[in-house]
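Subject: Structure for you to look over

Hello,

Here is the structure I promised to pass on. Please open it alongside this note. My findings follow below.

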Amino acid sequence: MKVVLQRVKSAKVTRQEDNKIVGEIKSGLFLLLGVKKGDTQKQVDELVNKILKLRVMSDENGKMNLSVQDTKSEILLVSQFTLYANTKDGNRPSFIDAEEPIKAKVLYEYMITKLKESGLNIQTGSFGDYMKIETELDGPVTIVIEN
């Protein structure tokens, strides 16, 4: 399982097919989640715990000393199977390491549930749909977490 975490001043996800905004946050974390074959709910639990406690938010001195929970910031989570693109052979990416959509969606929805238990405002993308994503990065701070 892999998460690309970005600290943002704002982020918005619009579903391409109907141009509907499906998720939008102000200050907080924008997360791209990649699910690999064989990933488990235990890995989701570990990732959620890490994300909620990770001190990447700025304190009053501009130092990364606070967590998203400390600042009561928002989170926007988007499923991103292309995080498991294999580009080793040739020029066309292979996605054979990415989990099947049905199984990946179960873990994605489980992660949403676990994040919502924090009491923070949790927004999401639209699983499996083509989306337009707009972000205003803060810092920029971008961290890849894999377990």
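Asn-19 is exposed, because its relative accessibility of 58% is over the 50% cut-off. Please keep in mind that this is a predicted model. Asn-19 sits in the loop between β1 and β2 (20-25). Its phi is positive, about 60°, although Asn-19 is not a glycine.

Lys-72 also has a positive phi without being a glycine, here about 50°. This residue lies in the loop between β5 (64-66) and β6. Lys-72 is exposed, with 67% relative accessible area.

There is a backbone point in strand β8 to check too. Pro-140 belongs to that strand. The peptide bond between Gly-139 and Pro-140 is cis, with omega about 0°. As background, most residues other than glycine have a negative phi, and most peptide bonds are trans.

Now the overall fold. The chain has two helices and eight strands. In sequence order the pattern reads β-β-β-α-β-β-β-α-β-β. The radius of gyration is 15 Å, close to the 15 Å from the globule rule for 147 residues, so the chain is as compact as a globular protein of that length. Along the principal axes, the C-alpha atoms fill a box of roughly 45 × 35 × 30 Å.

Some totals for the chain:

- Of the 147 residues, 42% count as buried.
- The accessible surface is about 8400 Å², and carbon and sulfur atoms account for 46% of that.
- Take the contacts between residues at least 6 apart in sequence: 72% of them join residues at least 24 apart.
- There are 22 positive and 21 negative charges, and their mean positions lie 2 Å apart.

Next, the interior. In soluble globular proteins, nonpolar side chains tend to be buried together. The largest nonpolar core here has 29 residues. Ile-75 and Met-111 have the most contacts inside that core. Six elements supply at least two residues each: β1 (2-15), β3 (28-34), α1 (41-53), β6 (74-79), α2 (101-116) and β8 (131-146). Helix α2 gives the most, with seven residues. A second, separate core has eleven residues, among them Val-4, Phe-30, Leu-83 and Met-131.

Which residues does Ile-75 contact, leaving aside neighbours within four places in sequence? Its partners are Ile-25, Leu-29, Leu-31, Ile-51, Leu-52, Val-68, Leu-115, Leu-120, Asn-121, Ile-122 and Gln-123.

- Lys-42 is located in helix α1. It is exposed, at 58% relative accessible area. Glu-117 is 75 residues away along the chain, and the two C-alpha atoms are 16 Å apart.
- Asn-49 is in helix α1 as well. It is partly exposed, with a relative accessible area of 39%. Between Asn-49 and Met-111 there are 62 residues of sequence separation and 11 Å from C-alpha to C-alpha. Met-111 is the core residue named above.

In α2, take Val-106.

- Val-106 lies in helix α2.
- Val-106 is 65 residues from Gln-41 in sequence, while their C-alpha atoms are 9.2 Å apart.

Is Ser-126 buried or exposed? It is buried, because its relative accessible area of 11% is under the 20% cut-off. Ser-126 lies in the loop between β7 (122-124) and β8. Not counting residues up to four places away in sequence, Ser-126 touches Arg-15, Val-22 and Met-131. Met-131 is one of the residues of the second core. Leu-137 is eleven residues from Ser-126 in sequence, and their C-alpha atoms are 21 Å apart.

For a quick pass through the structure, these are the stops:

| Stop | What to see |
|---|---|
| Asn-19 | Positive phi, about 60° |
| Lys-72 | Positive phi, about 50° |
| Gly-139 and Pro-140 | Cis peptide bond |
| Ile-75 and Met-111 | Most contacts inside the largest nonpolar core |
| Ser-126 | Buried, 11% relative accessible area |

Best wishes

Note on methods. Residues are numbered from 1 along each chain as its sequence is written. This is a predicted model: local features need pLDDT of at least 70, side-chain atom pairs count only at pLDDT 80 or more; totals for chains, interfaces and linings use all residues. Side-chain values use heavy atoms; hydrogens and water are left out. A nonpolar core is a set of buried Ala, Val, Leu, Ile, Met, Phe, Trp, Tyr and Cys residues joined through side-chain atoms within 4.5 Å. Buried means under 20% relative accessible area, exposed over 50%, partly exposed in between (1.4 Å probe, protein chains only). Helices (H or I, at least four residues) and strands (E, at least two) are DSSP runs, numbered from the N terminus. Contact means heavy atoms within 4.5 Å. The radius of gyration is taken over C-alpha atoms; the globule rule is 2.2 Å times the number of residues to the power 0.38. Accessible areas come from the Shrake-Rupley method with a 1.4 Å probe; for residues, only the protein chains shown count as cover. Lys and Arg count as positive and Asp and Glu as negative; His and the chain ends are not counted. The place of a charge is taken as NZ of Lys, CZ of Arg, CG of Asp or CD of Glu.
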